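Reader: I'm new to reading protein models. Can we go through one together?

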Amino acid sequence: MRPRLLVVSDLDGSLLDHHDYRFDAAEPALAALRERGIPLVLCSSKTRAEMEPLRETLGNRDPFIVENGAAVYIPVGSLRRAPRDTWQEGDYWVRAFAPPRQRWLDLLASLRPRFGDHFTHFDRMGLEGVVAATGLERQAAARALQREYSEPVLWQGDEQTRQAFLAALTGAGATVLQGGRFLSVAGDCDKGRALRWLRACIQQEDPARDVHDLAIGDSANDSAMLESARHALVIRSPVHDFPALQRQARTDYSQSYGPVGWCEGVMAWLARLDPSATE
Ligand SMILES: [Mg+2]
């Protein structure tokens, strides 16, 4: 029996160009996926509020994964029934893998007496502060502020105190990742776990048919997802090395950057599955 196919992709630096966030270079592969009815699951560190406009632009109605694997949003009806452990929120069935953002806001508030003004974070900075600190336009900053599972923190103190701050956060159960400028404070989740859960839901719909997934990403925070899928497409970055992966089988590394590499890699994957894909 033919397998069900599934593509799960990171956004920034993968489907979206690292510099200008455009994806038009990927259009031929996006069209090929649409024609074949292959779901494209967007999977990003972005918030739901940031991902929804992009899904709209792409005409994408497939499930998507937010805030580095903290939650999966499944449009109601895109699976035959609501998967276990989900709840309905608006037009979505939601599965969360991490505590809500408020948990981290409470934790940060509790650290205020000890670390004072050595740190600030999105919720405290507000819209104007986030615009000033990130250079985002107001509308984009407002969407970035609509976080549900994680909180970006800006450290403003010395290195020694920073280490104590990190220890206090992780000691209280937070997972802390260093991004470009911000520390991301969140629960213990990753894109790989979210992908494995979603794939199992799809598999359950039709147990007799295997699900063959292709994971696409460019960074270390994509590693768990890239390791979890049947096929992996690693996208070349103009600003950092390929993420280190354990896997070697069924793993492609793009020659081109961003959406150009994305397009080439997806077309090659389709062609290998079925030689008629690129006719
Ligand atoms: Mg990326």
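Reader: Which residue does Val-153 stand opposite in strand 10?

Author: Val-153 faces Leu-183 there. One note before we go on: this is a predicted model, where local features need pLDDT of at least 70, side-chain atom pairs count only at pLDDT 80 or more, and totals for chains, interfaces and linings use all residues. Residues are numbered from 1 along each chain as its sequence is written, and side-chain values use heavy atoms, with hydrogens and water left out.

Reader: What counts as a strand, and what counts as a pair of them?

Author: Strands (E, at least two residues) and helices (H or I, at least four) are DSSP runs, numbered from the N terminus. Two strands pair if DSSP finds at least two bridges between them.

Reader: OK. How many bridges join strand 8 to strand 10?

Author: Four. Strand 8 covers residues 150–155, strand 10 covers residues 183–186, and they run antiparallel.

Reader: What about strand 9 and strand 10?

Author: Four bridges again, also antiparallel. Strand 9 is residues 175–178. Val-176 has Val-185 as its bridge partner in strand 10. The two strands form a hairpin, with four residues between them.

Reader: What order do the strands take in that sheet?

Author: The order is 7-8-10-9, in an open sheet of four strands with antiparallel pairing. Strand 7 (119–121) and strand 9 are the edge strands, so called because each pairs on one side only. Neighbouring strands are turned by 30 degrees against each other on average, direction ignored. Axes here are lines fitted to C-alpha atoms, for helices over the stretch in contact, and angles run from 0 to 180 degrees between N-to-C directions.

Reader: How many bridges hold strand 7 to strand 8?

Author: Three, and the two strands run antiparallel. Thr-120 stands opposite Leu-154 in strand 8. Helix 3 (residues 101–115) packs on this sheet and touches strand 7, strand 8 and strand 10. Its direction makes about 160 degrees with that of strand 7. Contact means heavy atoms within 4.5 Å.

Reader: Next topic. What is the strand order in the sheet of nine?

Author: That open sheet reads 5-6-4-3-2-1-11-12-13, with mixed pairing. Its edge strands are strand 5 (87–89) and strand 13 (251–257). The twist averages 25 degrees from one strand to the next.

Reader: Which residue in strand 6 is the bridge partner of Val-72?

Author: Arg-95. Five bridges join strand 4 (residues 71–75) to strand 6 (residues 92–96), running antiparallel.

Reader: Which strands does helix 7 lie across?

Author: Helix 7 (residues 191–205) lies across strand 1, strand 2, strand 3, strand 4, strand 6 and strand 11. It runs at about 155 degrees to strand 11.

Reader: Now the metal. What are the protein donors of the magnesium ion?

Author: Asp-10 (OD), Asp-12 (O) and Asp-218 (OD), lying 2.1 to 2.2 Å from the ion. Asp-12 and Asp-218 link distant parts of the chain, 206 residues apart. Donors are N, O and S atoms within 2.8 Å of the metal (3.2 Å for Na, K and Ca); water is not among the atoms, so sites may look incomplete.

Reader: Is Asp-218 buried or exposed?

Author: Asp-218 counts as buried, because its relative accessibility is 5%. Asp-12 is partly exposed, at 32%. Buried means under 20% relative accessible area, exposed over 50%, partly exposed in between (1.4 Å probe, protein chains only).

Reader: How many disulfides are there?

Author: Zero, in a search of the whole structure. A disulfide is a pair of cysteine sulfur atoms within 2.5 Å.

Reader: Last one. Which residues touch the most other members of the largest nonpolar core?

Author: Leu-15, Leu-42, Trp-262 and Val-266, out of 61 residues. Helix 7 gives the most to this core, with six residues. A second, separate core has 15 residues, including Trp-104 and Phe-165. A nonpolar core is a set of buried Ala, Val, Leu, Ile, Met, Phe, Trp, Tyr and Cys residues joined through side-chain atoms within 4.5 Å.

Reader: And what does Ala-26 touch?

Author: Leu-15, Pro-259, Trp-262 and Cys-263, not counting residues up to four places away in sequence. Ala-26 is buried, because its relative accessibility is 0%.
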